[in-house]
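Reader: I'm new to looking at structures and a bit lost. Could you pick one part of this one and go through it slowly with me?

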Amino acid sequence: ANEGMWFLMHIKRLNQRDMQKMGLQLTPEEIYSINNQSLKDAIVQFGGGCTASIISDNGLVLTNHHCGYNVIAELSTAEQNHLKNGFWAGSMDQELKPQNLSVRFFVRMDDVSERILSQVNASMTEKEREAAINKEIAKIQEENNDGGKYTVSVRSFYQGNEYYYFVYEDYTDVRLVGTPPESIGKYGGDTDNWEWPRHTGDFSLFRVYADANGQPASYSPDNVPLKAKYHLPVNINGVKENDFAMILGYPGRTNRWMPAEGIEQNVKYAYPAWVEGSKRSMDVMKKYMDKDESVNLMYASQYAGIANYWKNRQGMIDALTKHGTAATKRKIEAKFDKWANKPQNKDKFGDVIKTINNYYSLTNEKAQHDNYLISLLRSSKFAILPYRIGSGLENYATSNEAKRKELRPRLLALINSLYTDYHLPLEKEVMAAQLELYTSKSNYPLPELISQEEMKLDFNTYVDAIFNLSMFSSKERVEAFLEYPDSDLLANDPLYKLSSALLDKYREDPEELQQPLNDFQRSFRLLVEGLRTSGISRIRYPDANSTLRLSYGKVRALPKDPRNDADKNNYTTFKGVINKYKPNDDEFDLPKDMLEIYEKKDYGRYANEKGQLSVNFLTDNDITGGNSGSPVLNGKGELIGLAFDGNIEAMAGDVIFDDNLQRTINVDIRYVLWLIDNYSNAKHIVDELTIVEN
Ligand code: ARG
């Protein structure tokens with residue numbers, strides 16, 4: 001019953017089915033209403049990749065620490081280190097405004113499948129199909145954006161078999177209100193990431209500001225806290241096994257329809273390259289980050305992002321292998337193939353499986369290659385930067401004086417924005433490590449760029465040499481180019497040549513794959529259509545794609561685990577936090593006052609019925625990355641926790657849901673409140689909340 005990430009406009013159906021039976025006490029209208037205030041008005045997409053909720057009538061926003069991580073690091077310096085020490089604004093005027101942070105409210109959605117699909121027919125190529133659909137999408141956007149007030153996004157579901165549009169309103173003045181120290185907010189680090197039992201205080205607080213009329217506005221000291229249409233009440237009565245739990249948020253991506261050979265390709269070709277490439281960069285980055293706190297602050301967020309998916313992809317390899325997921329899917333596809341070759345289906349579906357499998361076998365090597373290349377581009381700033389500025393410089397160099405004068409300010413701004421917050425020795429060594437890995441693993445040794453002789457060099461020596469010759473190795477040199485522009489100089493610049501070659505390779509669309517790709521896309525769409533109409537698949541919800549979903553389930557323990565000292569393996573306690581404590585460790589250190597406060601065991605109204613402080617708990621909701629920061633709600637729609645992770649045993653969940661294994665890891669809202677109220681003494685924040693207590 002707990003499988004599924006559902007559209008809010010479809011909850012009427014679910015509601016009648018089993019949400020009520022499981023404990024939901026809200027009507028569908030109270031969750032999603034276009035015209036009246038409802039739960040959805042308190043749910044926002046945060047910073048593009050996470051979820052958050054509004055928890056006061058002064059626009060207070062609650063999300064994960066790892067979702068606020070990059071802006072907390074940005075707002076920190078080695079001297080005023082909010083990432084390390086935590087931060088609490090004593091009043092609104094002390095809140096900190098990061099450069100770029102926005103939250104997105106969901107206004108409404110609707111089904112436009114018929115309208116979109118009436119534009120296409122079976123004889124179109126995939127490219128023609130895409131063009132026809134995009135034309136219709138542009139019209140739908142135009143009709144629904146209310147004169148530019150809203151952002152309208154039209155998305156495909158079920159592999160292009162259905163289309164829905166979503167209307168959003170974005171607020172761009174969002175400020176940091178408070179955060180615990182990293183040692184609490186990221187307690188357990190990468191060792192505990194994706195693992196249960198867990199003991200992390202993964203939360204941070206922000207505030208949305210608007211103009212005097214409550215409209216979105218860019219930053220101004222005159223802006224006022226947003227009076228959102230709705231904010232979540234907070235329930236501090238605690239949770240127990242089988243309690244109803246509902247999560248609203250923006251899950252990023254699942255691939256529950258992925259064919260067997262696609263899974264096989266990921267397990268054998270794509271993910272191993274991803275894992276290897278990530279680790280190579282992490283090792284280099286860590287070395288420099290550990291030496292210098294200001295370097296640490298520059299790279300902490302990027303490092304955490306790479307490490308997060310490094311562990312995730314290895315977890316997926318292990319889980320998919322262990323559970324034989326590809327074999328399970330193969331059985332389903334054999335069933336489908338039989339159905340597809342019945343006389344009445346054969347014309348349309350007969351070749352689907354063969355076509356799909358052919359495409360994967362043609363692209364296995366490419367998938368591996370691409371993942372090494374992406375690893376390089378993802379972690380090496382100077383692999384991309386010259387390319388990004390290069391075309392502008394080229395244009396500048398070939399323009400006349402008047403035109404140059406006009407181009408100059410924008411180029412300078414671009415240069416300024418790109419040459420910030422990096423550490424050259426780290427960048428050079430990351431690039432060297434990634435180039436070495438890429439050239440050794442791919443059949444594409446950048447022949448024109450790196451000669452056979454150079455290939456034998458130590459890559460650090462090679463990178464040193466090209467950085468010495470290139471103007472892109474410093475902001476001053478690029479700026480000097482604006483004084484003495486010369487296209488030949490640019491064309492021969494070794495970093496520019498390297499960067500352009502890598503990006504050209506990345507964008508390459510090999511001729512021999514065009515037809516197989518076209519046929520694959522069509523077949524994948526038909527596979528999903530056929531699996532649904534034949535009833536072979538019972539999946540009734542669309543894959544996650546960063547659109548708002550509801551997932552419902554319950555608080556649910558995993559089998560007893562000696563690593564968890566709690567009496568039931570569905571929650572953890574503050575005692576467990578202290579048990580893991582390792583002084584001066586990177587991941588398991590704690591602030592000194594945390595230990596002192598533990599001795600007092602004074603948890604007041606935040607204590608559970610055993611007098612302990614509950615820290616994290618488990619539910620069996622179906623969520624994925626992007627749901628981070630999502631509110632966990634009880635049957636009345638009151639906030640009981642904050643979703644922040646999944647368990648590694650269930651990492652095949654991206655492509656196949658396993659009811660027995662899959663769990664969501666949540667911070668107990670009582671731990672959050674205790675950290676704000678008692679540990680951080682930010683009582684004025686607690687006073688803003690609507691707290692429900694027996
Ligand atoms: N695994 C979490 C997610 O993908 C991110 C946790 C961040 N913490 C960390 N130690 N890197 O949502």
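Author: **From a loop to the ligand**

Let's start with Asn681, which counts as exposed because its relative accessibility is 55% (buried means under 20% relative accessible area, exposed over 50%, and partly exposed in between, with a 1.4 Å probe and protein chains only). Before we go on, keep in mind that this is a predicted model, where local features need pLDDT of at least 70, side-chain atom pairs count only at pLDDT 80 or more, and totals for chains, interfaces and linings use all residues. Residues are numbered from 1 along each chain as its sequence is written, and side-chain values use heavy atoms, with hydrogens and water left out.

Back to Asn681. You'll find Asn681 in the loop between helix 25 (669-679) and helix 26 (683-686). Helices (H or I, at least four residues) and strands (E, at least two) are DSSP runs, numbered from the N terminus. Asn681 isn't a glycine, yet its phi is positive, about 55 degrees. Asn242 is also a non-glycine residue with a positive phi, near 75 degrees. Asn242 sits in the loop between strand 11 (234-235) and strand 12 (244-249), and with 47% relative accessibility Asn242 counts as partly exposed.

Now for the ligand, the part I'd like to go through slowly.

His66 has a polar side-chain atom 3.1 Å from an oxygen atom of the ligand. For Asp190, an N or O atom of the side chain is 3.3 Å from a nitrogen atom of the ligand. Ser628 brings a polar side-chain atom to 2.7 Å from an oxygen atom of the ligand. A polar contact is a pair of N or O atoms within 3.5 Å; within protein, one must be able to donate a hydrogen and the other to accept it, and residues adjacent in sequence count only if both atoms are side-chain atoms. On its own the ligand has 350 Å² of accessible area, and the protein covers 93% of that (areas come from the Shrake-Rupley method with a 1.4 Å probe; for residues, only the protein chains shown count as cover).

Asp192 has its place in helix 8, and with a relative accessible area of 7% Asp192 is buried. The side chains of Asp192 and Lys580 are joined by a polar contact of 2.6 Å. Lys580 belongs to helix 23 (residues 574-580). The side chain of Lys580 also reaches the backbone oxygen of Pro197, at 3.0 Å. Pro197 is in the loop between helix 8 and strand 9 (204-210). The peptide bond joining Trp196 and Pro197 is cis, with omega about 5 degrees.

One last stop: the rings. A search of the whole structure finds 38 aromatic pairs. Take Tyr168 and Tyr250: their ring centres are 6.5 Å apart and their planes are at 50 degrees, so this pair is tilted. Rings of Phe, Tyr and Trp (its six-membered ring) pair if their centres lie within 6.5 Å; planes under 30 degrees apart count as stacked, over 60 as edge-to-face and the rest as tilted. The pair links distant parts of the chain, 82 residues apart: Tyr168 is in strand 7 (residues 162-171) and Tyr250 in the loop between strand 12 and helix 9 (260-291). Tyr168 counts as buried at 3% relative accessibility, and Tyr250 is buried with a relative accessible area of 1%. Phe382 and Tyr422, by contrast, form an edge-to-face pair, 5.4 Å centre to centre with 70 degrees between the planes. Both Phe382 and Tyr422 are buried.
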